[in-house]
Amino acid sequence: MFPENFILYSIQILLVVVMIAMIIVVIRSYLLHRKPIFKRFGLGMLIGFITDFGDTLGIGSFATTTAAFRMTHYIDDDRKLPGTLNAVHAIPVMFQALFFITAVKVELTTLLPMTTAAVIGAYVGTHVTKKWHAPTVQRVMAVALLIAVIIMVVRMITTPGSNNSMGVHGLHGWWLILGIVFNFGIGVLMTMGLGNYAPELIFFSLMGVNPIVAFPVMMLDAALIMLTTALNVIKMDRVSWRGFAGVAIGGVLGVIVAAKFFTSMNVDLLNKLIVIVALWTIFGLVRDSMKKNV
């Protein structure tokens, strides 16, 4: 038990260190390159609070943020949308991981290999997508959102894994190898705009693991995937900085409120609303990708 707790607390310390590093990167971009991170601050805080509040409840934030950004014209270049999603939510998701990493027992032999695979996938994904043109990004984002909607509807109808035993805390043998391969793919797909929460919850449920046990894995995955992606896309200038600080700060507040008070609330109605909004956003992305001279 002592070595396990030591490793978990070490992971928490690592999260704090990388969170500080991410904050330094943002501040440096503001001071040296005068990036407009405080522009539309109030709207950004509202978007961040709502999307990361839902994210902490397991709904995910990419579909809602994509919809909010497009409805409010928050960013002016869709080519930067996937990178911005990962970068702007990196700090709030690190807060989530800090809350959940020790809240639910999960075997380190599952947590560490799957997270490592996801980070490697994120590194590969940012290099695969770096030369994509706007229509390609818009279509891939539309497909990613459609996949997320399908998974969300399946979860609402079937509630997979809800009856799975809480006594199972990890994957073993071939199931663990499958999980590592799966998470590598999730790491790649997150750089293209597909969130990892719903797919990972479905995956763990199919493996016989209760979805609650999946929370530490999916949140640590998300935190380190987003950090890896953020550092790469910032270096490649594939991030929209307008209002960055507002979304990130609002997101942290949303995480704190959700984790403290509303983690057991019924989110079925909210899920249905998100499905409707996501479908409308998919239509807009496909429509825009078809325009000439995009």
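Buried means under 20% relative accessible area, exposed means over 50%, and partly exposed lies in between (1.4 Å probe, protein chains only). All views show a predicted model, in which local features need pLDDT of at least 70, side-chain atom pairs count only at pLDDT 80 or more, and totals for chains, interfaces and linings use all residues. Residues are numbered from 1 along each chain as its sequence is written, and side-chain values use heavy atoms, with hydrogens and water left out.

View 1. Helices (H or I, at least four residues) and strands (E, at least two) are DSSP runs, numbered from the N terminus. From that end the elements run α-α-α-α-α-α-α-α-α-α-α-α. The chain counts 294 residues, and 54% of them are buried. Contact means heavy atoms within 4.5 Å. Take the contacts in the chain with a separation of 6 or more: residues 24 or more positions apart account for 88% of them. The chain exposes about 13,400 Å², and carbon and sulfur atoms supply 71% of that area. Accessible areas come from the Shrake-Rupley method with a 1.4 Å probe; for residues, only the protein chains shown count as cover.

**View 2. Asp-78 and Arg-70 meet in a salt bridge through their side chains.** A salt bridge is a side-chain nitrogen of Lys or Arg within 4 Å of a carboxyl oxygen of Asp or Glu. The N to O distance here is 2.7 Å. Asp-78 is buried, at a relative accessible area of 13%. Arg-70 is buried too, at 18%. A search of the whole structure finds 2 salt bridges.

**View 3. The side chains of Arg-79 and Asp-77 form a salt bridge.** Nitrogen and oxygen lie 3.0 Å apart. Arg-79 is partly exposed, with a relative accessible area of 44%. Asp-77 counts as buried, at 17% relative accessibility.

**View 4. Helix α4 (residues 81–88) is mostly covered.** Of its 8 residues, 8 are buried. The buried residues are Leu-81, Pro-82, Gly-83, Thr-84, Leu-85, Asn-86, Ala-87 and Val-88. Asn-86 is also one of the residues that Thr-229 touches.

**View 5. Helix α6 (residues 108–128) crosses helix α8 (residues 173–190) at roughly 35°.** Two packed helices are described by the angle between their axes and the distance between the axes. The axes of α6 and α8 come within 6 Å. Axes are lines fitted to C-alpha atoms, for helices over the stretch in contact, and angles run from 0 to 180 degrees between N-to-C directions. The crossing of α6 with α8 is right-handed. A crossing is right-handed if the near helix is turned clockwise from the far one by less than a right angle, and left-handed if anticlockwise. On the α6 side, the residues in contact include Pro-113, Met-114, Ala-117, Ile-120, Gly-121 and Val-124. On the α8 side they include Leu-176, Gly-179, Ile-180, Asn-183, Phe-184 and Gly-187. The residues of this contact divide into 11 nonpolar, 8 polar and no charged. Ala, Val, Leu, Ile, Met, Phe, Trp, Tyr, Cys and Pro count as nonpolar, Asp, Glu, Lys and Arg as charged, and the others, Gly among them, as polar.

**View 6. Thr-56 sits in helix α2 (residues 41–56).** Thr-56 counts as buried, at 1% relative accessibility. Not counting residues up to four places away in sequence, Thr-56 touches Gln-96, Phe-100, Phe-215, Met-219, Val-255, Ala-258 and Ala-259.

**View 7. Phe-215 lies in helix α10.** Phe-215 is buried, with a relative accessible area of 15%. Leu-57 is 158 residues away along the chain, yet the two C-alpha atoms are separated by 9.7 Å. Phe-215 touches Thr-56, Leu-57, Gly-58, Phe-100 and Leu-201, not counting residues up to four places away in sequence.

**View 8. Thr-229 also belongs to helix α10 (residues 211–235).** Its relative accessibility is 1%, so Thr-229 counts as buried. With residues up to four places away in sequence left out, Thr-229 touches Asn-86, Ala-122, Thr-126 and Thr-191.

**View 9. Arg-34 and His-73 are loop residues.** Most residues other than glycine have a negative phi. Arg-34 has a positive phi of about 55°. Arg-34 is found between α1 (2–33) and α2, and is exposed at 55% relative accessible area. Phi of His-73 is near 55°, also positive. His-73 is found between α3 (62–72) and α4, and is exposed at 61%.
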